[in-house]
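Here is a short briefing on side-chain contacts and backbone details. Look over the sequence and the model before reading on.

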Amino acid sequence: MAEKLVMLALSPTMEIATVAKWIKQQGEAFSAGDVLCEVETDKATMDYEANSDGTILKIIAGEGARVKVGEVIAIAGSPGEDISALLKQIEGEQEKEAEPEGAIREQAEIDGVHKQSKGDGKQKPPKGVKASPLARELAKKNSIDITTVHGTGPQGRVIKQDIERRIKEKEAASTAPVTSSAMREEKIPHSERRRVIAQRLSQSMFTAPHFYLSVNVCADLIVEARRNLNAKRDQKISLNAFLIKLVAEALRQYPQVNSTWQDDAIRHFGAVDIGLAVAVKDGLVTPVVRNCTSKGILTIDEELRGLVEKARKGKLSLEDYTNATFTISNLGSYGVRHFTAIINPPGSAILAVGEVFKEPVVAQNKDIEVQSTIILTLSCDHRVVDGALAAEFAATLKEVFENPVSMLF
């Protein structure tokens, strides 16, 4: 019996997603476990898998369509099955949902234009005004003049697919190579990732009272240790692996920082799971290395390398990027010396790491020496981490960074 396939919640924060690509096409059979389509969620592009055998009888949400969790994306069943009743039901549901007051007013205004035009007998009604409510809503959201869209529905009616096609044309035009040196104004629609990043960072910034403190750290020993280690290896160890390990050892001493604010309590996490902010095509994600205090730098580097590769391919699983207890953001490779970062929930602090740079310093014997320096800036949630505690933790970070061997004691 034919059934509706609905959009599933593929991540804990997902409310709406975009159908990125259909793997199974209309009329194609599938088995339980097969990937039917790829879905762009707030964090990654994920596989939508079938939970039973069947055939795709009708694709409702084409590639590029934004769909809320629970909305229909396709109809599946047996080949040749009559799905007309299901299609009518789905169309009714879509039109009911997309019939806001604004659309009703818009229709009334258009009807008014029709009447006025007919009344004077000279003006012709605008083209393409016959459209489904869903198409009107979609056009409005994407700033598309619906009267310029060619309708392919009954009697030239503009339908949802016509607007989706125009959206794709706009996107293609916006990404086309620019042959002129002149700048041009353009509007780039939000991706799901960008939309949710904005939502989560705003929520963090406006609900968690942030405060910041910075320390200058001598990185001579870290630079030397990394140089010596990499001299014996084909696969170079990243500086981020050192950072994660050193920060984890400092957090082991300060479980109050490795914590989160909850409505009824402050929760100290039982493990140190560190996320690293990674820039991707349309935003950033924070893949997480778990249980960092129990792992060495080489293991951390290997795991981190795999996670970063998956992040850049949009293939992170839910487990790969959620629930970091602490986060590191490193912009040193861009030449940034000092910056502040926004806390990544559920953590209560984030460490911003600048570039390693050379600077003259006054040694204890009053000689002028040149040392490698990193500026570390800690952002803290004041509901969980008080100023004195943050200062103690920053001092410990400085000690661990400048004397890595202290981790052995």
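How many disulfides does the count come to? The count comes to 0 disulfides. The model is predicted.

**Cysteines**
- Cys-292 is buried, because its relative accessible area is 0%, and buried means under 20%.
- Cys-380 is also buried, with a relative accessible area of 0%.

**Aromatic pairs**
- The whole structure holds 2 aromatic pairs.
- The ring centres of Tyr-254 and Phe-393 lie 5.8 Å apart and the planes meet at 75°, so this pair is edge-to-face.
- Tyr-254 sits in the loop between α7 and β10 (259–261), and Phe-393 sits in helix α10 (residues 387–402), so the pair ties together parts 139 residues apart in sequence.
- Tyr-254 counts as buried at 13% relative accessibility.
- Phe-393 counts as buried at 0%.
- Phe-393 also forms an edge-to-face pair with Phe-326, at 6.2 Å centre to centre and 65° between the planes.
- This pair links distant parts of the chain: Phe-326 is in strand β16 and Phe-393 in helix α10, 67 residues apart.
- Phe-326 is buried too, at 0% relative accessibility.
- Tyr-254, Phe-326 and Phe-393 make up one aromatic cluster.

**A charge over a ring**
- Arg-337 lies over the face of Phe-357, 3.7 Å from the ring centre.

**Backbone geometry**
- Most residues other than glycine have a negative phi, and most peptide bonds are trans.
- Pro-345 and Pro-346 are joined by a cis peptide bond, with omega about 10°.
- Pro-346 is found in the loop between β16 (326–330) and β17 (349–353).
- Ser-143 is not a glycine, yet has a positive phi of about 55°.
- The loop between α3 (133–141) and α4 (160–175) holds Ser-143.
- Ser-143 counts as partly exposed, at 46% relative accessibility.
- Lys-366, likewise a residue other than glycine, has a positive phi near 75°.
- Lys-366 lies in the loop between β18 (357–362) and β19 (368–381).
- Is Lys-366 buried or exposed? Lys-366 is exposed, because its relative accessible area is 69% and exposed means over 50%.

**A contact across the sequence**
- Arg-252 belongs to helix α7 (residues 239–253).
- Arg-252 is partly exposed, with a relative accessible area of 49%.
- Arg-252 and Thr-293 are 41 residues apart in sequence, and their C-alpha atoms are 7.2 Å apart in space.

Technical notes
Residues are numbered from 1 along each chain as its sequence is written. This is a predicted model: local features need pLDDT of at least 70, side-chain atom pairs count only at pLDDT 80 or more; totals for chains, interfaces and linings use all residues. Side-chain values use heavy atoms; hydrogens and water are left out. A disulfide is a pair of cysteine sulfur atoms within 2.5 Å. Buried means under 20% relative accessible area, exposed over 50%, partly exposed in between (1.4 Å probe, protein chains only). Helices (H or I, at least four residues) and strands (E, at least two) are DSSP runs, numbered from the N terminus. Rings of Phe, Tyr and Trp (its six-membered ring) pair if their centres lie within 6.5 Å; planes under 30 degrees apart count as stacked, over 60 as edge-to-face and the rest as tilted. A charge sits over a ring if NZ of Lys or CZ of Arg is within 6 Å of the ring centre and within 35 degrees of the ring normal.
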